[in-house]
Amino acid sequence: IDLFALSTLLGVVSRYPWRGGNNRLHLCELGNQRVTKSAWPLVLRLGYAPDAQDIWGLLRELAHTPSPPMTTARKVFQSLGFRYTSFDWNGLDGSIPIDLSQPINNSYVRHLAGSCD
């Protein structure tokens, strides 16, 4: 997720009480999103504190790409008080592994998808 997408999303939900652990908004995304370098200053201003896992992941990814993701969207949004669910066939970063090109026959997944704001 880049700076534009993060700023837009936060602008849309700014009229709702969501900071300080208020878990009323349930954010759902298609794909296990990761935060890009462009969004990192905003993420830090919002109070996100990177942990050892973030730093290790960043160093590991530098071997493969010159602009690696800084952390997962899951960690950032949960730190901001959102309930967060992502759906991705690969199951990475805590996403629910599901192939979205197929009909969803799992009632739990349909329930989760239906609970998103």
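Visitor: Which residues does H26 touch, not counting residues up to four places away in sequence?

Guide: H26 touches R83, Y84, T85, L112, S115, C116 and D117. Contact here means heavy atoms within 4.5 Å. Before we go on: this is a predicted model, where local features need pLDDT of at least 70, side-chain atom pairs count only at pLDDT 80 or more, and totals for chains, interfaces and linings use all residues. Residues are numbered from 1 along each chain as its sequence is written, and side-chain values use heavy atoms, with hydrogens and water left out.

Visitor: Why is H26 called buried?

Guide: The label rests on relative accessible area: under 20% is buried, over 50% is exposed, and partly exposed is in between (1.4 Å probe, protein chains only). H26 comes out at 5%, so it counts as buried. You'll find H26 in strand β1, residues 26-30. Helices (H or I, at least four residues) and strands (E, at least two) are DSSP runs, numbered from the N terminus.

Visitor: What makes the pairing of H26 and T85 a polar contact?

Guide: A polar contact takes a pair of N or O atoms within 3.5 Å; within protein, one must be able to donate a hydrogen and the other to accept it, and residues adjacent in sequence count only if both atoms are side-chain atoms. The side chains of H26 and T85 meet at 2.7 Å, so the pair passes the distance cut-off.

Visitor: And T85, how do you know whether it is buried or exposed?

Guide: T85 has a relative accessible area of 9%, so it is buried. T85 sits in strand β4. Apart from its neighbours within four places in sequence, T85 is in contact with H26, L27, C28, E29, R74, I96 and L112.

Visitor: Let's do helix α1. Which of its residues are buried?

Guide: In α1, residues 3-13, the buried ones are L6, L10 and V13. Looking down the axis of α1, these buried residues fall within an arc of 70°, so they line one face of the helix. The arc is taken from the directions from the helix axis to the C-beta atoms. The buried residues of α1 pack against α2 (40-45) and α4 (73-79).

Visitor: What caps the N-terminal end of α1?

Guide: That's D2, with a side-chain oxygen 3.4 Å from the backbone nitrogen of F4.

Visitor: Now the charges. What makes R34 and D93 a salt bridge?

Guide: The rule asks for a side-chain nitrogen of Lys or Arg within 4 Å of a carboxyl oxygen of Asp or Glu. R34 and D93 meet at 2.8 Å, N to O, so they qualify. The pair links distant parts of the chain: R34 is in strand β2 (residues 34-35), D93 is in the loop between β4 and α5, and they are 59 residues apart. R34, at 29% relative accessibility, is partly exposed, and D93 is partly exposed too, at 24%. D93 also has a positive phi of about 60° although it is not a glycine.

Visitor: How many salt bridges does that rule give?

Guide: The count comes to 3. One of them is D51 with K75, at 2.9 Å, N to O. D51 lies in the loop between α2 and α3 and K75 in helix α4, so this pair ties together parts 24 residues apart in sequence. D54 also forms a salt bridge with K75, with the closest N and O atoms 2.7 Å apart. D51, D54 and K75 are linked in a network of salt bridges.

Visitor: Is D54 buried or exposed, and why?

Guide: D54 is at 6% relative accessibility, so it counts as buried. D51, by contrast, is partly exposed, at 30%.

Visitor: Last stop, the surface. Why is W56 called exposed?

Guide: W56 has a relative accessible area of 54%, so it is exposed. W56 lies in helix α3, residues 52-62.

Visitor: Which residues make the nonpolar surface patch?

Guide: I55, W56, L59 and L62 make a patch of about 440 Å². Patch residues need over 30% relative accessible area and no salt bridge; like charges are joined within 9 Å, nonpolar side chains (Val, Leu, Ile, Met, Phe, Trp, Tyr) within 5 Å. Accessible areas come from the Shrake-Rupley method with a 1.4 Å probe; for residues, only the protein chains shown count as cover. L62 is at 45%, so it counts as partly exposed.
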